[in-house]
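The stops below are given in the order in which to select them.

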Amino acid sequence: MLTTIARYFNPSEAQILCARLQADGIPASVADDQHMMANWALAGALGGARLQVPEAFAEAAAEVVRAYHAGELEQDLIAEDPSAAERCPACGGERLEKTVPLGQRALLLASCLAVSVPFPTQASNYRCLACQMRWRFSDIEAAGQVRQPT
Ligand SMILES: [Zn+2]
């Protein structure tokens, strides 16, 4: 019997965590994500996409999900590959504020009102809390350099 260990209103997040659990040898699956994508208005009624595992794996899977939400998996990645850390290109600071651009917010609202399907957004505006520098994710090129304005 499958046990639901987490629910997500972003089906992609549920699928990513499912893949992470499977990589750890846990036979995970996602339920109701297809219904959500076909009819977003059902998402609330369904309670989101369900991340499920067999009962015997529930404790181990819950620990992976907890580590994900606590940011521990990201820290593991950064320990293996320091270039994966998001840093201010000016001062190297790690305390960053990320926001969704206004255009994406407007598109989200418009798509919800027009077709009841949310447009996926991504926080791509950054502000360094140390030096107050602002940049967009798209301004970052390889090696973490900010593209010079053209
Ligand atoms: Zn900075």
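This is a predicted model: local features need pLDDT of at least 70, side-chain atom pairs count only at pLDDT 80 or more; totals for chains, interfaces and linings use all residues.

Select Asn39 to begin: this residue is partly exposed, with a relative accessible area of 36%. Here buried means under 20% relative accessible area, exposed over 50%, and partly exposed in between, with a 1.4 Å probe and protein chains only. Asn39 sits in the loop between α2 (33-38) and α3 (42-46). Helices (H or I, at least four residues) and strands (E, at least two) are DSSP runs, numbered from the N terminus.

Residues are numbered from 1 along each chain as its sequence is written, and side-chain values use heavy atoms, with hydrogens and water left out.

Next, go to Met1, in the segment before β1. Is Met1 buried or exposed? Its relative accessibility is 81%, so Met1 counts as exposed. Not counting residues up to four places away in sequence, Met1 touches Val53, Pro54 and Glu55; contact means heavy atoms within 4.5 Å. Select Val115 as well: Met1 and Val115 are 114 residues apart in sequence, and 36 Å apart in space from C-alpha to C-alpha.

Two residues to check for backbone angles come next. Most residues other than glycine have a negative phi. Asp32, which is not a glycine, has a positive phi of about 75°. Asp32 lies in the loop between β2 (29-31) and α2, and is buried, with a relative accessible area of 16%. Then select Gln132, where phi is also positive, near 70°, in a residue other than glycine. Gln132 is in the loop between β5 (125-128) and β6 (134-136), and counts as partly exposed at 44% relative accessibility.

Move on to the helices. Show α1 (residues 11-23) and α4 (residues 58-69), whose axes come within 11 Å and cross at roughly 125°. Axes are lines fitted to C-alpha atoms, for helices over the stretch in contact, and angles run from 0 to 180 degrees between N-to-C directions. The two helices α1 and α4 are therefore oblique to each other: angles under 35 degrees count as roughly parallel, over 145 as roughly antiparallel, 65 to 115 as roughly perpendicular, and the rest as oblique.

Which residues make the contact? From α1, select Glu13, Leu17, Arg20 and Leu21; from α4, select Ala61, Val64, Tyr68 and His69.

While α4 is shown, pick Ala60, which lies in this helix. Ala60 counts as partly exposed, at 41% relative accessibility. Its C-alpha atom and that of Ile26, 34 residues apart along the chain, are separated by 8.1 Å.

Last, show the nonpolar cores. A nonpolar core is a set of buried Ala, Val, Leu, Ile, Met, Phe, Trp, Tyr and Cys residues joined through side-chain atoms within 4.5 Å. The largest has 18 residues, and those with the most contacts inside it are Tyr8, Leu21, Ala28, Val30, Leu51 and Val53. The elements β1 (2-8), α1, β3 (49-54) and α4 each give two or more residues to this core. Apart from it lies another core, of five residues, including Cys88, Leu96, Tyr126 and Cys128.
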